[in-house]
Structures are given as C-alpha cells and as structure tokens.
Amino acid sequence: MANPPKIFDTTLIARHLARRAPGTPNFVMDLVLGDLQDRLSTLIRDFPRALIIGPDADGLPRNGQSASAGFAYRRLAAFAGSDDLSDLPEGPFDLIVSLLHLQAVNDVPGYIARLRAILAPDGLLTIAALGGDTLTELREAFLAADSLVTGGASARVAPMIQVRDAGGLLQRAGLALPVADVETHIVRYPTPFALMAELKSLGAANPLADRPRRPATPTLLAAAANAYAERDADPDGRVRATLDIIWLSGWAPHENQQKPLKPGSATTRLGDVLKG
C-alpha cells in the first residue's frame with residue numbers, strides 16, 4: 001500500500017511545541033476541554049480504562065467524570081513520536097479521547113483505525129479537531145497579500161477537515177453509531193498581528209510540509225494585515241477569527257448496542273400518525 005502524501009511536517013510541529021514557554025495559556029484547548037466534560041457528563045457509563053491524547057500531555061487532565069462515575073486518564077503526547085501514533089499503548093481502553101491532533105495527521109483513516117484497534121468492545125472514541133472554516137479569514141488575507149506582493153499564491157494556512165466528511169471516516173474504521181458535529185467560536189483580536197503572535201506562541205505556525213522556505217517578509221505581513229482588517233474588522237477596529245471545532249464520536253461494535261430498524265419493520269403507518 002502506498003504511503004499517504006505528507007501534507008504536514010510533524011517534526012516541525014513538535015519543534016514549535018517544544019519552544020513554547022512553560023505555562024503559556026491555550027484558550028483553544030480550554031474550550032475543547034470544557035466541551036469534552038459537558039459531553040462526557042451526559043453518559044451513564046463507567047470508563048475504568050481511559051486514554052487521552054493531546055499536543056501537551058502535561059496540560060491534559062488526569063481525571064474525567066461521566067454521569068455515573070469519575071475515572072483516571074492515561075495521558076499521551078501527540079507529535080512526540082510518529083504523527084500517526086503507530087506506537088500507541090496496548091489496549092483495550094473503554095474510552096479514547098484525541099484532542100487537537102487529527103487536524104495535523106497525514107494518514108487520517110489509518111490514525112482512526114489504530115485508535116479503533118485498541119478500543120474495548122462497546123468502547124467510545126471521541127475526537128476533537130480544528131476544521132471547517134477555522135482561520136478562513138487569515139487564509140484569505142494571505143492569499144490576497146501574496147497576489148499583491150509576489151503575484152502568486154503560497155500555502156500558509158493548513159487545509160481543514162470538513163464535518164460533512166467526518167462521519168464517513170468513523171464508518172470506514174468500523175465504528176458503530178457514528179456522530180459528527182461542529183462547535184463554532186468567533187474570537188476577536190486587537191489586530192491581525194495579535195492573532196499571528198498567538199498562533200506562534202501556541203506552536204501553531206505554518207505546519208505544512210510544502211510551506212514557503214523563506215520567512216514572510218515585513219511587506220507581505222503588512223499586506224496580509226491590511227487585507228485582513230479590510231475584510232474582517234468590526235466597527236471597533238478589532239478583527240474576527242473563526243474557530244470550528246469538529247467533534248467525532250463512535251463506539252466499538254457490541255451485541256448489546258442499539259441497532260437501526262430494518263426497512264419495512266415499522267408497525268405504525270405514517271398516514272395513521274398524521275391523521276391523529
């Protein structure tokens with residue numbers, strides 16, 4: 001089988017993460033962790049063996065809480081080894097959570113399949129990744145700036161997973177009851193440069209393998225900032241940035257799970273219901 005194309009330079013991502021100052025605030029991870037707890041708190045289920053994966057293992061929670069019981073996580077750093085986590089710990093796990101990793105994985109189907117392989121029967125896989133229209137304002141600003149300054153276009157913002165494609169990834173991995181949804185957040189910054197600085201501080205600078213090898217010039221950055229402000233500034237001068245967090249979840253098949261009804265098995269006619 002041919003290797004998947006290398007879209008992301010995960011060695012570079014690991015290097016950027018290692019350069020972050022200790023204790024650097026990460027509001028994106030904070031949003032995701034809050035949403036994760038809300039989702040788990042609705043599940044009447046015990047998770048005695050739970051694994052959580054994220055870019056900063058030390059910043060991941062040690063414990064979680066479902067509607068029925070607390071549990072401890074085994075924490076695993078994303079981007080510390082291979083980008084697809086071919087060196088996963090031995091399972092099985094009743095719960096696997098992957099946070100802010102999938103959006104920079106080169107072999108997405110293979111990654112999900114490897115997580116599926118260490119799920120216990122009736123175990124839950126939950127994934128949160130940046131996708132959809134995330135940073136679309138920044139992407140468009142750089143496209144406009146490149147066209148103005150260099151007369152061409154360069155890849156400066158990574159491509160994003162679309163929620164319409166996400167459910168199929170879970171089904172392809174053999175997961176039951178797949179669900180995909182998106183949480184959209186609009187974040188505002190004093191200037192486009194403030195957004196760029198925050199991305200750099202989070203280790204989220206351009207991760208593309210096919211990125212321009214020369215750093216962006218001051219002229220290009222200024223042109224991008226002007227294009228950004230013209231397109232996406234509010235009346236108070238602050239600029240908007242879109243964050244779409246795509247959530248995927250699916251269960252390892254088990255005989256006790258709810259199954260869809262077979263076609264033709266309904267016992268009540270739609271016409272009778274509408275007459276009521």
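Predicted model: local features only at pLDDT ≥ 70, side-chain atom pairs only at ≥ 80, totals over all residues.
Trainee: Why is Leu202 called buried?

Mentor: Buried means under 20% relative accessible area, and Leu202 is at 12% relative accessibility, so it counts as buried. Leu202 lies in the loop between helix H6 (192–201) and H7.

Trainee: What does Leu202 touch, once residues up to four places away in sequence are not counted?

Mentor: Contact means heavy atoms within 4.5 Å, and on that basis Leu202 touches Leu17, Arg20, Thr24, Pro25 and Asn26.

Trainee: How do you know how H6 and H7 are placed against each other?

Mentor: Two packed helices are described by the angle between their axes and the distance between the axes. For H6 and H7 the angle is about 115°, and the axes are 9 Å apart. On the H6 side the contact is made by Pro192, Phe193, Leu195 and Met196, and on the H7 side by Leu221, Ala222, Ala224, Ala225, Tyr228 and Ala229.

Trainee: What makes Asp232 a buried residue?

Mentor: The cut-off for buried is under 20%, and the relative accessible area of Asp232 is 11%, so Asp232 is buried. Asp232 belongs to helix H7 (residues 218–232), and, leaving aside its neighbours within four places in sequence, it is in contact with Glu137, Arg238, Val239 and Arg240.

Trainee: Why are the buried residues of H2 said to be on the same side of that helix?

Mentor: The buried residues are Val28, Met29, Val32, Asp35, Leu36 and Leu40. They cover an arc of only 130° around the axis, and therefore they lie on the same side of H2. On the other side of H2, Asp30 and Asp38 are exposed.

Trainee: How does the length of H2 compare with the length expected at 1.5 Å a residue?

Mentor: Helix H2 (residues 27–40) has 14 residues, and from its first C-alpha to its last it reaches 20 Å, which is close to the 20 Å expected.

Trainee: What makes E2 and E6 the edge strands of the sheet?

Mentor: The sheet is open and has seven strands in the order E2-E3-E1-E4-E5-E7-E6, with mixed pairing. Strand E2 (63–65) and strand E6 (176–189) each pair on one side only, and that makes them the edge strands. Neighbouring strands of this sheet are turned by 20° against each other on average, with direction ignored.

Trainee: How do you know that E2 and E3 pair?

Mentor: Pairing needs at least two bridges, and E2 and E3 have three bridges in the antiparallel sense. Gln65 stands opposite Gly70 in E3.

Trainee: Which backbone features in the loops and strands deserve a look?

Mentor: The peptide bond from Gly91 to Pro92 is cis, with omega near 5°, and Pro92 lies in the loop between strand E3 (70–77) and strand E4 (93–99). Leu100 has a positive phi of about 55° although it is not a glycine, and, at 8% relative accessibility, Leu100 counts as buried. Asp122, which lies in strand E5 (residues 119–131), has a positive phi of about 70° and is likewise not a glycine.

How values were computed:
Residues numbered from 1 in each chain as written. Heavy atoms only, no water. Helix = DSSP H or I, 4+ residues; strand = E, 2+ residues; numbered from the N terminus. Buried < 20%, exposed > 50% of the residue type's maximum accessible area, 1.4 Å probe, protein only. Axes fitted to C-alpha atoms, helices over the stretch in contact; angles between N-to-C directions. Expected span 1.5 Å × (residues − 1). Arc of directions from axis to C-beta.
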